[in-house]
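Thanks for making time this morning.

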Amino acid sequence: MSDAIIRLENVSYRYPDGTAALTDCSLTINRNKRTAVLGANGAGKTTMFLHLNGILQPSSGRLFRDDIPFEYSRTGLRKLRSKVGMVFQNPDSQLFSASVQEDVSFGPMNLGLDTTTIRRRVAEALGAVAMAGLADKPVHNLSYGQKKRVCIAGVLAMEPEVIILDEPMAGLDAAMQEELTAVLERLHAGGITIVIATHDLDFAYGWADQALVMQSGGLLAHGTPEDILLRPEVGNALGTIPQIAEIIHSLSLLGIDLRGNGYLPRTRNELVAAIAAVTTREDTP
Amino acid sequence: MNAITTAVIDLKQLELFAQGDTQVHGRDARVKVLVTLFFILSVISYHRYEINGLLPFTLFPIIMVCRAELPIPYLARKMLLICPFILLIGAFNPLLDRSTLWQVGSIEISGGCISLLSLLLRSFLTIGAALILVATTGFTTICQALERLGMPEVFTVQLLFLHRYLFVLAEEAERASRARELRSCGSTGRGIGSFGSLTGHLLLRTWQRAERIHTTMLSRGFTGQFHGQRRERFSHADLTFLISWSVTFLLMRTMEPATLLGSFITGAFP
């Protein structure tokens with residue numbers, strides 16, 4: 001089996017009003033990787049995501065899952081959507097049932113599973129996002145962060161291979177972001193491929209294994225975050241570079257060369273540890 | 001809290017009651033739909049001046065509420081909400097129909113007053129039965145039951161979407177109303193122009209939000225069919241429930257137990 005779990009090949013899409021949202025877009029999402037999709041507003045991230053789940057069908061080009069072309073029949077779409085789950089940016093758009101349990105069971109019920117399996121999946125999904133204790137709670141009484149977690153549980157209950165999250169950190173405070181990151185880490189450790197669209201470059205730089213940068217409906221760059229996010233054309237497209245990378249660059253101008261000493265910190269904690277290690281080494285006679 | 005928010009939460013609360021685990025909740029949804037339908041038909045089949053014949057029918061909602069362990073204050077509040085509408089419908093009855101129908105001592109009660117009272121009673125009974133049905137079954141399951149009873153799928157799906165759209169509409173209306181209030185500086189008269197624009201925006205916003213919700217439903221494997229929480233299997237208990245209530249309603253309708261009881265009491269204690 002190839003590394004590519006989903007592949008887009010020259011995909012173009014034009015909305016009914018004539019807006020070209022994707023233009024000849026080709027990209028690959030690798031299995032069991034944490035992929036960050038970056039790009040300015042209107043770059044085509046959400047449209048691309050809607051293609052991955054079969055909500056939109058390309059005007060031209062093809063998509064593949066496990067090297068097999070997407071099938072847009074009723075059965076094909078049901079299978080695709082059970083394997084590629086999508087969590088939307090606004091949880092209020094996703095949650096429409098009265099209780100947490102009822103909403104999480106919506107996906108499994110659409111898969112035609114029996115009641116026992118649905119109950120098991122719902123319980124496991126809620127457990128995975130640490131919401132098991134709130135199964136019977138009305139959805140409208142949940143906090144924004146809890147709603148986000150219920151949305152993820154709703155997708156997890158379908159036991160997907162890939163979870164796509166559109167701006168999952170938007171609207172969350174720092175503590176909630178940390179909690180959600182921990183949930184995503186657990187899911188990734190369990191073998192799920194995670195794809196996130198984000199404007200938070202620092203998060204993408206520290207979290208992702210693979211980054212895809214989109215611009216004007218196409219792929220501008222792809223690779224590891226430390227490789228591509230420092231490229232000038234990517235910096236121009238995104239309007240900035242990750243703060244950690246900026247600090248490393250500034251330190252190098254001051255004579256503290258972290259990269260030269262073999263350190264490639266991607267998070268704040270790693271940066272502090274690297275600075276400490278390098279400065280201690282330089283101080284040692 | 002905004003009145004619209006309260007109304008939405010209240011509506012959702014009704015759906016939450018349907019997740020109970022009593023015997024009534026466990027009955028086949030088709031049976032509950034049929035029993036409720038028979039009940040409503042029996043109640044509305046009385047003529048406009050009927051009061052005595054309707055009284056025994058209060059047993060059904062009382063028994064169902066007790067056995068389903070539904071909160072009486074909640075249901076009572078919902079029923080009181082409809083009072084103004086019924087009063088509006090029957091407000092002219094006492095004025096138009098002044099013929100004396102009952103006489104209590106020296107007080108003459110006109111046919112209009114009796115028909116208004118009968119209308120109120122029938123409305124409480126039928127709407128109460130419908131509320132109990134939703135609170136013990138859930139709207140999705142009711143629609144599934146209707147489909148299994150022969151209603152075309154296209155109608156049941158429309159009903160379900162309409163039901164879900166109500167929540168979307170109410171939530172968006174609440175946001176629009178709050179935004180208007182925040183910038184109206186306490187004044188109430190903002191003119192028909194402002195109201196028209198607000199309504200137009202509300203329609204567009206609910207439309208867009210409904211589309212987003214539909215997209216999220218599609219992404220979770222929705223293919224045009226709603227699936228209820230319970231898998232229905234018709235049991236002997238369901239059959240007993242259906243037959244016993246149907247026969248009871250038929251007896252109540254034909255034999256008029258209130259009159260019989262009255263005759264018995266007056267016969268026993270002449």
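**Sheet, helix, turns and interface**

Let me start with one pair of residues. A:F64 stands opposite A:P69 in β5(A). Before going further, a caution: this is a predicted model.

Now, the strands around that pair. Strand β4 covers residues 60–65 of chain A, and two bridges join β4 to β5(A). The two strands run antiparallel. They belong to an open sheet of four strands in chain A. The order is β2-β1-β4-β5, and the pairing is antiparallel. Which strands stand at the edges? They are β2 and β5 (68–69) of chain A. Each has a single partner strand, so one side of each is left without a neighbour in the sheet.

Next, strand β1, residues 4–14 of chain A. Seven bridges join β1 to β2(A), and the two run antiparallel. As an example, the bridge partner of A:A4 in β2(A) is A:N30. β1(A) and β2(A) form a hairpin, with five residues between them. In that turn, A:G18 has a positive phi of about 100°.

β1(A) also pairs with β4(A). Five bridges join them, again antiparallel. Here A:S12 stands opposite A:S60 in β4(A).

Stay on β4 for a moment. A:R65 is found in this strand of chain A. Is A:R65 buried or exposed? With a relative accessible area of 16%, A:R65 is buried, because buried here means under 20%. What does its side chain meet? The side chain of A:R65 makes a polar contact with the side chain of A:E161, at 3.3 Å. Leaving out residues up to four places away in sequence, A:R65 touches A:I5, A:F70, A:K79, A:L80, A:K83, A:V84 and A:E161.

On to helix α1, residues 45–52 of chain A. Seven of its eight residues are buried, so the helix is largely enclosed by the rest of the structure. Which ones are they? In α1(A), the buried residues are A:K45, A:T47, A:M48, A:F49, A:L50, A:H51 and A:L52. After α1(A) comes A:G54, with a positive phi near 80°.

Now the backbone angles. As background, most residues other than glycine have a negative phi. Against that, look at A:N32. Its phi is near 60°, a positive value in a residue other than glycine. A:N32 sits in the loop between β2 (20–30) and β3 (34–38) of chain A. At 39% relative accessibility, A:N32 counts as partly exposed.

A:S216 is another case. Its phi is near 50°, also positive in a residue other than glycine. Where is A:S216? In the loop between β9 and β10 of chain A. A:S216 is exposed, with a relative accessible area of 60%.

In chain A, β9 spans residues 210–215 and β10 spans residues 218–223. They pair in the antiparallel sense over five bridges. Within that pairing, A:L212 has A:H222 in β10(A) as its bridge partner. The hairpin of β9(A) and β10(A) has two residues between the strands.

Last topic: chain A against chain B. How many residues are in contact? On chain A, 29 residues; on chain B, 25 residues. The area buried between the two chains is about 2,700 Å². Carbon and sulfur atoms give 53% of that area. In chain A, the residues that lose the most area to chain B are A:F96, A:M109 and A:H140. Together they account for 22% of what that side buries.

Across this interface, the rule finds one salt bridge. The side chains of A:D103 and B:R220 meet in a salt bridge, at 2.9 Å from N to O.

Which elements of chain A give two or more residues to the side that touches chain B? They are α2 (74–83), α3 (91–94), α4 (100–104) and α5 (106–110). The largest share, four residues, comes from α5(A). By class, this side of chain A has twelve nonpolar, eleven polar and six charged residues.

That is the tour. Thank you.

How values were computed. Residues numbered from 1 in each chain as written. Chains lettered and ligands numbered in written order. Predicted model: local features only at pLDDT ≥ 70, side-chain atom pairs only at ≥ 80, totals over all residues. Heavy atoms only, no water. Pairing = 2+ DSSP bridges. Contact = heavy atoms within 4.5 Å. Buried area = accessible area lost by both parts, 1.4 Å probe. Salt bridge = Lys/Arg side-chain N within 4 Å of Asp/Glu carboxyl O. Nonpolar A, V, L, I, M, F, W, Y, C, P; charged D, E, K, R; others polar. Buried < 20%, exposed > 50% of the residue type's maximum accessible area, 1.4 Å probe, protein only. Polar contact = N/O pair within 3.5 Å; in protein donor to acceptor, adjacent residues only side chain to side chain.
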